[in-house]
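Thanks for coming, everyone. I have one structure to walk through today. Please look at the sequence and the model before I start.

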Amino acid sequence: MSEEATSAGQIRIRVCYATPAIQAVKELSVPAGTLLHDGIKRSGLLEEMREIDLSCWRVGIYGKLKTLDTVLRDRDRIEIYRPLIADPMESRRKRADKKAR
């Protein structure tokens, strides 16, 4: 379908978001030249998952951080990253201190 979609000026994308309880994956076709932010909006995830805040949360494509104005390409997998609950460096220090005792 991607060849047909691309020839019609459309590209296929996937938008992913996960919490410990759920995993949401939306596949959709968008016009070529669509920006990352618009792809997320078109997926409907912002309405379904009200906690998503793109003003401060990070996003990426295939695990690489991207800006919201990145132009999407065919078969991109957009990932929405939740903020960290704990600082990894601090957690590591606490484990090391506990192990040293």
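**A walk through the chain**

Arg75 is in the loop between E4 and strand E5, which covers residues 76-81. Its phi is positive, about 70 degrees, and Arg75 is not a glycine.

A word on the source. This is a predicted model. Every value I quote is computed from it.

Now the overall fold. How many helices and strands are in the protein chain? There are four helices and five strands. Read from the N terminus, the order is α-β-β-α-α-β-β-β-α. The radius of gyration is 17 Å. For 101 residues the globule rule gives 13 Å, and 17 Å is well over that, so the chain is more spread out than a compact globule. The C-alpha trace spans about 65 × 25 × 20 Å along them.

Next, burial and surface. Of the 101 residues, 30% count as buried. The accessible surface of the chain comes to about 7200 Å². Carbon and sulfur atoms account for 50% of that surface. On contacts, take pairs of residues at least 6 apart in sequence. Of those contacts, 45% join residues at least 24 apart.

Charge next. The chain carries 20 positive and 15 negative side chains. The centres of those two sets lie 8 Å apart.

On to the cysteines. How many disulfides does the structure hold? The count is zero. Cys16 is in no disulfide, and the nearest cysteine sulfur is that of Cys56, 20 Å away. A disulfide here needs two cysteine sulfur atoms within 2.5 Å. Cys56 is likewise in no disulfide, with the sulfur of Cys16 as its nearest, at 20 Å. Now their surroundings. Is Cys16 buried or exposed? Cys16 is buried, at 16% relative accessible area. Cys56 counts as exposed, at 54% relative accessibility.

Now to strand E4, residues 64-66. I will take two of its residues.

Start with Leu65, which lies in E4. Which residues does Leu65 touch, leaving aside neighbours within four places in sequence? The contacts are Arg58, Val59, Gly60 and Tyr81. Follow the last of those. Leu65 and Tyr81 are 16 residues apart along the chain, and their C-alpha atoms are separated by 9.4 Å.

Lys66 is also found in E4. With neighbours within four places set aside, Lys66 is in contact with Leu36, Val59, Gly60 and Ile61. Lys66 counts as partly exposed, at 36% relative accessibility.

Where is Tyr62? Tyr62 is in the loop between strand E3, residues 58-61, and E4. Its phi is positive, about 50 degrees, although Tyr62 is not a glycine. Tyr62 counts as partly exposed, at 45% relative accessibility.

That brings me back to where I began. Arg75 also has a positive phi without being a glycine, and Arg75 is in the loop between E4 and E5.

Terms used
Residues numbered from 1 in each chain as written. Predicted model: local features only at pLDDT ≥ 70, side-chain atom pairs only at ≥ 80, totals over all residues. Heavy atoms only, no water. Helix = DSSP H or I, 4+ residues; strand = E, 2+ residues; numbered from the N terminus. Rg over C-alpha atoms; globule rule 2.2 N^0.38 Å. Buried < 20%, exposed > 50% of the residue type's maximum accessible area, 1.4 Å probe, protein only. Contact = heavy atoms within 4.5 Å. Areas by Shrake-Rupley, 256 points an atom, 1.4 Å probe, with all protein chains shown as cover. Lys, Arg positive; Asp, Glu negative; His and termini not counted. Charge placed at Lys NZ, Arg CZ, Asp CG, Glu CD.
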